[in-house]
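Here is a short note to read with the viewer open. Take the points one at a time and find each place for yourself as you go.

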Amino acid sequence: MSQDKPYRKRPDRKPQRTPQRGQKPQTRPRRKPLDPARRAAFDALRAVSERNAYANLVLPALLRERGITGRDAAFATELTYGTCRTQGLLDAVIGAAAGRAPDTINPILLELLRLGAYQLLRTRVDAHAAVSTTVDQAGIEFDSARAGFVNGVLRTIAGRDEKSWVEELAPRNDPVGHAAFVHAHPRWIAQSFADALGASAGELEAALASDDERPQVHLAARPGVLSAAELADAVGGTVGRYSPYAVYLPGGDPGQLAPVRAGQALVQDEGSQLVARALTLAPVDGDAGRWLDLCAGPGGKTALLAAIGAQSGASVTAVEPSEHRAELVAENTSGLPVEIVRVDGRESGLQPGFDRVLVDAPCTGLGALRRRPEARWRRQPSDVPTLAKLQRELLAAAIALTRPGGVVLYATCSPHLAETVGVVADALRRHPVEALDTRPFFEPVDLGGGPYVQLWPHRHGTDAMFAAALRRQ
């Protein structure tokens, strides 16, 4: 039986001796449980690995339930998100220090090792504190033997800094693989970024590094209700660089802000704002104000579209098959001219003839990895073909619902070529559409070569949104 498996403890090989008079009975080492911040991080990490939970949803709930605030909350957040982001790098180091593959280590013990290793390699936490707290918890969760195993592994890791471990373990003679290891990304994701960057592949390091930066919170002021300048004054933020509705927040919980609670503003990445706005700027002759959002949930882009459209008499039909996400669309578009249809966008049954159609298609989400710390390890290359098929089908349905002379804007929050230009190229071959130069609809963003748009966190401070405008012939 290996040292790290949490099965029933073996009975002692020798019978316990009755203490003689004057002798103290043998006792187990006293173990100190994890402090509240580390405990919250440990529980969140287990929820992510055991239940496929999302760190950005489960951790805030744990912090609220346990009343963890201030510096402890910030520490728990750093430990949780950081450990999720760097999982591949941590596992490589743990495997080298343990002399065994991480997948042979008990999953609960492995989460403890990741938590301890992250503190040693990526934080300023005192090494003794990082090791001792993790070892004590291993003893509580299992026994002294497993605690000893954790102690040995973490002490080995603590003997060297991250740079030393990376120099030993990172792939050689493979620039993409090396960059992926250094920045804790699966190689296939790093390769997809390099492919999308094309002639600018020299920016790969910067693109990967941007995924490890905590994204700034962006708000969108609702058009016709509040200007970006007014919103910025109300929340102590700054007006955005590109979207006329964007405001950047310095920090805090945006859900507690009065304009957000009152429906005057939404939490929305500036890249998403630019996508919704672009559809409204594309030239359409004789726009009758019949607009469609074919993949509406959770409703952020729908709300912005409807608010812009309402100023000219347009209304939006929002398609969302998921009941939960449809409810979010209803919440986000309250008071706006939006009709919600709970059907599959590929077979909506809607009457064709829409002037403007948005297809913000389900995708791998590789363009928003900085917001979803566990996603880079959860997604697999095998996900791409299935999603690309769905994307092609949704775009085909959107084109069929668009009137001649109308415009479809296809968008994904992924730069993977199979989900972006590959899907658009298929539509151009199969359907009566022509590609428009999409860049003018994203001004004043500097976008380089066209005709499509690819935003990047390291260039624009937004999610890596892709967009292509197509005119129905």
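The points below walk through a pair of helices, some backbone features and one serine.

1. First, a word on what you are looking at: this is a predicted model. Please keep that in mind for each point that follows.

2. Start with helix α1, residues 36–51, and helix α2, residues 55–66. These two pack at an angle of about 140 degrees, and their axes are 9 Å apart. Their crossing is right-handed.

3. Which residues of α1 and α2 make the contact? From α1 come Arg-39, Ala-40, Asp-43, Ala-44, Ala-47, Val-48 and Arg-51. From α2 come Ala-55, Val-58, Leu-59, Leu-62, Leu-63 and Arg-66. Sorted by class, this contact has nine nonpolar residues, four charged ones and no polar ones.

4. Now look at the loop between α1 and α2, where you will find Asn-52. Its phi is near 55 degrees, a positive value in a residue that is not glycine. For background, most residues other than glycine have a negative phi. Is Asn-52 buried or exposed? Asn-52 counts as exposed because its relative accessibility is 52%, and the cut-off for exposed is over 50%.

5. Ala-184 also deserves a visit, in the loop between α9 (175–182) and α10 (187–197). Phi of Ala-184 is near 55 degrees, again positive in a residue other than glycine. Its relative accessibility is 1%, so Ala-184 counts as buried; the limit for buried is under 20%.

6. Next come two peptide bonds to check. As a reminder, most peptide bonds are trans. The bond from Gly-297 to Pro-298, however, is cis, with omega near 5 degrees. You can find Pro-298 in the loop that runs between β5 (290–293) and α15 (300–310).

7. The bond joining Glu-443 and Pro-444 is cis too, and its omega is about 15 degrees. Look for Pro-444 in the loop between β10 (433–435) and β11 (453–454).

8. Last, turn to Ser-243, in the loop between β2 (238–239) and β3 (246–248). Why does Ser-243 count as buried? The reason is its relative accessibility of 2%, given that buried means under 20%. Leaving aside residues up to four places away in sequence, Ser-243 touches Glu-270, Gln-273 and Leu-274.

Note on methods. Residues are numbered from 1 along each chain as its sequence is written. This is a predicted model: local features need pLDDT of at least 70, side-chain atom pairs count only at pLDDT 80 or more; totals for chains, interfaces and linings use all residues. Side-chain values use heavy atoms; hydrogens and water are left out. Axes are lines fitted to C-alpha atoms, for helices over the stretch in contact, and angles run from 0 to 180 degrees between N-to-C directions. Helices (H or I, at least four residues) and strands (E, at least two) are DSSP runs, numbered from the N terminus. A crossing is left-handed if the near helix is turned anticlockwise from the far one by less than a right angle, and right-handed if clockwise. Contact means heavy atoms within 4.5 Å. Ala, Val, Leu, Ile, Met, Phe, Trp, Tyr, Cys and Pro count as nonpolar, Asp, Glu, Lys and Arg as charged, and the others, Gly among them, as polar. Buried means under 20% relative accessible area, exposed over 50%, partly exposed in between (1.4 Å probe, protein chains only).
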